Amino acid sequence: MSAASPLERIAARGALPPAGGAAWTERRQRALASLVAKGLPDRRDENWKYLDHARIAGFAFESAPQGEADASALAARLLPLASARRVVLVDGRFAPGLSEFGTAAGLEILDLSTLLERAPEASLALLRAPGEDADDRYALLADALATGGVLVRVAAGCEIAEPIYLVQLATAARPSVHQARVVIEAGAGARFTLVEHFMTQGDAAALGNLASEVTIGEGADVTHVRLHQHGPEAAQVETSVVRLAARSRYAQHLLALGGKILRSALRVALEGERAACRLDGLFLADGERQVDLVTQVAHRGAATETIQEYRGIAAGRGRGAFNGRIDVHATAKGANASQSSRNLLLSPLAEINVRPQLEIQVDDVQCRHGATIGTLDEEQLFYLESRAIDPATARALLTFAFCRDLTGRLPFAALREAAEALVAGSLPDRDLIGGPG
């Protein structure tokens, strides 16, 4: 590694946040030393080979800015979620003046920076320490540098009817990096929906590095919607870990509709018997945008179930990738796993790479996966054109229909309608289907 690398500059200056006192200082030093020794990922790493690392290197890793949020501009872009409990992070830090979540029995929302200051030992136990996994290196960076973020905890047996709306806003106007941690805990039997919305203010050019952890107790049911709507100069790298206890349920709906780069790595561990998850994902890589999605699902409990359906669209010089791995361990007898990846290429220079992987260590399971990359169906195009729809509009309508199969599964009618409008407005031929610009 070059002596001029950002990691070594951070280490040489000792530029680690003081938050958390001596206990956290020691942990941050270990995380940074481990990361300096390993180096940030590059194309030689199998799970990172499709990412444009030169673009990421253009961000200033040493900086930790926090800009001023424009409250009125933010309000105009919020999703129409009536009675939602809104939590806002600005450049990775909790913004109480923009948040509005009230009180509800069994719901706890806590600024992680406050926890670091007031209960450093408790925060050490709460926040996962990244391990030796090669995909944990950006999580190590967050462990070393992050001081902000949020804890959302729902107590055992509690149901939160209104969506919890977590908005993550990037404001930095220069190529800088901000770190954040998000911790979600669902007690046994808890039920709630979390809507996570990533956006930028103006022409913000920040790289957000997010490390998140979701823990779901026995019999709990969590729905998690993740909408990426960054501006064209912003980027995001995120490492998410989800752990499910027996008979719990987790559904994630990922919509990646904006930004220069998105690298999203999701690891799910189905630890308890009959735990189940559903993972839906839709990405659009147009212009020169790049989207790299990685999922790793480990079936450890008996009779566990996974259903994954990911769809991608690439246009212009856009590049997309989906790398999905399912591991069925020897303890997961009776597991049922299904993975599907369908992708559309809308221009000759667009590119999508798909790597489905399946490893089974036990008999008596049902596992299947499939992947397709192609163009729009000519017969369907002909059908629409035969009904006096011009070819360009026919292509736009079929592309939107390809997306709508997934957006139709979103919870709350208002959220579905808003998501469909955002998808329509993000497609290359949005003018032909009435999508907003």
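Tutor: Strands here are DSSP runs of E with at least two residues, and helices are runs of H or I with at least four, numbered from the N terminus. Val222 lies in strand β9, residues 221-229. The model is predicted: local features need pLDDT of at least 70, side-chain atom pairs count only at pLDDT 80 or more, and totals for chains, interfaces and linings use all residues. Residues are numbered from 1 along each chain as its sequence is written, and side-chain values use heavy atoms, leaving out hydrogens and water.

Student: Why is Val222 called buried?

Tutor: Buried means under 20% relative accessible area, exposed over 50%, partly exposed in between (1.4 Å probe, protein chains only). Val222 has 2%, so Val222 is buried.

Student: What makes Cys367 partly exposed?

Tutor: Its relative accessibility is 22%, so Cys367 falls in the partly exposed class. Cys403, at 2%, counts as buried.

Student: Why is the aromatic pair of Tyr310 and Phe322 called stacked?

Tutor: Rings of Phe, Tyr and Trp (its six-membered ring) pair if their centres lie within 6.5 Å; planes under 30 degrees apart are stacked, over 60 edge-to-face, the rest tilted. Tyr310 and Phe322 give 4.6 Å centre to centre and 25 degrees between the planes. Tyr310 lies in strand β15 and Phe322 in strand β16, so the pair ties together parts twelve residues apart in sequence. Both Tyr310 and Phe322 are buried.
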